[in-house]
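Let's take a walk through this structure together. Have the sequence and the 3D view at hand as you read.

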Amino acid sequence: MHRDATKSSSFHAAGLTNVGKVRDNNEDAYVVDSDHGFFVVSDGMGGAQAGEIASRVVTTVLPVMILARLNRLRNPGSRAIRYWLRQDILRLSQQLHAEADKKTAVRGTGATVVLGLLRENRAHIAHMGDSRAYLFREDHLSQLTDDHSIVAMLVRGGEITAEEAKTHPARGQITRFVGMEAIVYPDIRTFPLKAGDRLLLCSDGLTGMVSDENIASILRTTPAPRQACELLVGAANEAGGKDNITVVVIDHEGAAL
Ligand code: CA
């Protein structure tokens, strides 16, 4: 278990990852970079050590790509940011696929990504897979990302209910991820941040175990991001902790970055 918390003029954020109660290794990883307003959760897959490698590639390489972009462009507009987030995540995906394809032990590996880039009172959320972003605003929790998964497709098509999705045999099978052979782009959404907004990025080890209602209740009653992370992970473990659990909680305090 490791964690960190940082304080900047605009954000107060913390992240926490935990192996859970059942798995032997932790294939999740995260980034908290409050100075640059940059946050990531990634959930690796592929068995043996492959999933760990994939999520670490995402959380190591993606910040380097993003920081290089931010250094080159002093004040990029929202359209530019969305364009290069798409390009960089595709490039990362293709690089991971090419690397993994060379080695039998890690062939077919991949990882989800959910990323928050918060600039000038705007949030850009990019994702592939079933790791999620949520916004807690004015006492209301809303999910910002649609899972790229088989069960989410079935729910959207009206084939199964959200309740049935929780126990469906295809649960956990994702349709878009970093490291896919196909050319795939993330979904990206941009919206204005308000003072007091709280963002949550998380892996499915949280959302598979803890209801949105309980997540909202913890976010509502726990002002400190670090403590909110601890309580969210604790709730997932109390519910069985069947998967690795990773959470990043970001409080936007209103000042311009
Ligand atoms: Ca997972």
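Predicted model: local features only at pLDDT ≥ 70, side-chain atom pairs only at ≥ 80, totals over all residues.

Of the 257 residues of the chain, 52% count as buried. The C-alpha trace spans about 45 × 40 × 40 Å along its principal axes. A compact globule with 257 residues would have a radius of gyration near 18 Å, and the 17 Å of this chain agrees with that. Seven helices and twelve strands make up its list of elements. Looking at contacts between residues at least 6 apart in sequence, you will find that 70% join residues at least 24 apart.

Now let's go inside. In soluble globular proteins, nonpolar side chains tend to be buried together. Here the largest nonpolar core has 26 residues, and those with the most contacts inside it are Phe38, Val58, Leu62, Ile66, Val113, Leu115 and Leu117. The elements that give two or more residues to this core are strand E4 (38–45), helix H1 (50–72), helix H2 (78–101), strand E6 (113–119) and strand E7 (122–128).

Next, turn to helix H7, which runs over residues 225–238. Its 14 residues reach 20 Å from the first C-alpha to the last, close to the 20 Å expected at 1.5 Å a residue. Which residues of H7 are buried? They are Pro225, Ala228, Cys229, Leu232, Val233, Ala236 and Asn237. An α-helix has 3.6 residues a turn, so residues three or four places apart point the same way. The cover over the buried residues of H7 includes strand E2 (11–18), strand E11 (198–202), helix H5 (204–207), helix H6 (212–221) and strand E12 (245–252).

The surroundings of this helix deserve a look too. Thr222 sits in the loop between H6 and H7, and it counts as buried because its relative accessibility is 3%, under the 20% cut-off. Not counting residues up to four places away in sequence, Thr222 touches Arg198, Gln227, Ala228 and Leu231. Just after H7, Gly240 takes a positive phi of about 130°.

Asp43 lies in strand E4 and Asp243 in the loop between H7 and E12, so the pair ties together parts that are 200 residues apart in sequence. Asp43 is buried, with a relative accessible area of 10%, and Asp243 is buried as well, at 13%.

Finally, let's check two backbone details. Most residues other than glycine have a negative phi. Glu120, in the loop between E6 and E7, has a positive phi near 45°. Glu120 is partly exposed, with a relative accessible area of 44%. Glu138 also has a positive phi, of about 50°, although it is not a glycine. You will find Glu138 in the loop between strand E8 (132–137) and strand E9 (140–143), where it is exposed, with a relative accessible area of 66%.

Conventions. Residues numbered from 1 in each chain as written. Heavy atoms only, no water. Core = buried A, V, L, I, M, F, W, Y, C linked by side-chain atoms within 4.5 Å. Buried < 20%, exposed > 50% of the residue type's maximum accessible area, 1.4 Å probe, protein only. Helix = DSSP H or I, 4+ residues; strand = E, 2+ residues; numbered from the N terminus. Expected span 1.5 Å × (residues − 1). Contact = heavy atoms within 4.5 Å. Rg over C-alpha atoms; globule rule 2.2 N^0.38 Å.
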